[in-house]
Amino acid sequence: TEHTLAVIKPDSTQEHKDTIMNKIKEAGFCISQVKETKLTREMAEEFYKDHKGKDFFNNLVDYMSQGPSIMMILSKENAIAEWREMMGPADPEQAMQVKPDSLRAQFAKSILENAVHGSSNVQHAMDNIKFIFGDIPS
Ligand code: ATP
Ligand code: MG
């Protein structure tokens, strides 16, 4: 099995935590680890360091540090791609066009406040999991 880091971002943790976690289980993912964490600004900057310098970076850091997020290690065959598929595209308008049943089509408020995060590849998943949980499940 493959592992990925999934995050329910702060606004959707407040509003849709149980709904999203139930959908994750219904989709056949094993939630190997879960914790509620409020990222500091410094942690959010590190988490999204690849986007440093982009015009939305400060807003992204504000958004991700505004309240607690649900951090999960999802485990399943092909977990990285399947979780990104379930999230849909970052922009909810696009998500509603191409994947109306995706989480972002249903729960994102804008391209910034887009409800969920998922690691984009194997290296990114390992880095994300180490950063949030400290280690990779065996
Ligand atoms: P994530 O990395 O959160 O899983 P993603 O890989 O689909 O999402 P990225 O391009 O990595 O999207 O962007 C990271 C996050 O930055 C997005 O999820 C969103 O919250 C924010 N973001 C991306 N593009 C924009 C934009 N043009 N304007 C505002 N915020 C944006
Ligand atoms: Mg990304």
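What percentage of the 138 residues of the protein chain count as buried? In this predicted model, 33% do, where buried requires 20 or more other C-beta atoms, placed from the backbone, within 10 Å of the residue's own. Local features need pLDDT of at least 70 and side-chain atom pairs count only at pLDDT 80 or more, while totals for chains, interfaces and linings use all residues. Residues are numbered from 1 along each chain as its sequence is written, with chains lettered from A and ligands numbered from 1 in the order in which they are written.

**Fold**
- The protein chain comprises 7 helices and 4 strands (DSSP runs of H or I, at least four residues, and of E, at least two), in the sequence order β-α-β-α-α-β-α-α-α-β-α.
- Its C-alpha trace spans about 35 × 35 × 25 Å along the principal axes.

**Ligand 1**
- The shell around ligand 1, defined by C-beta atoms placed from the backbone and lying within 6 Å of the ligand, includes His51, Phe56, Asn114 and His117.
- This shell divides into 5 nonpolar, 5 polar and no charged residues, with Ala, Val, Leu, Ile, Met, Phe, Trp, Tyr, Cys and Pro taken as nonpolar, Asp, Glu, Lys and Arg as charged, and the others, Gly among them, as polar.

Conventions: A residue is buried if 20 or more other C-beta atoms lie within 10 Å of its own, exposed if 12 or fewer, and partly exposed in between; C-beta atoms are placed from the backbone.
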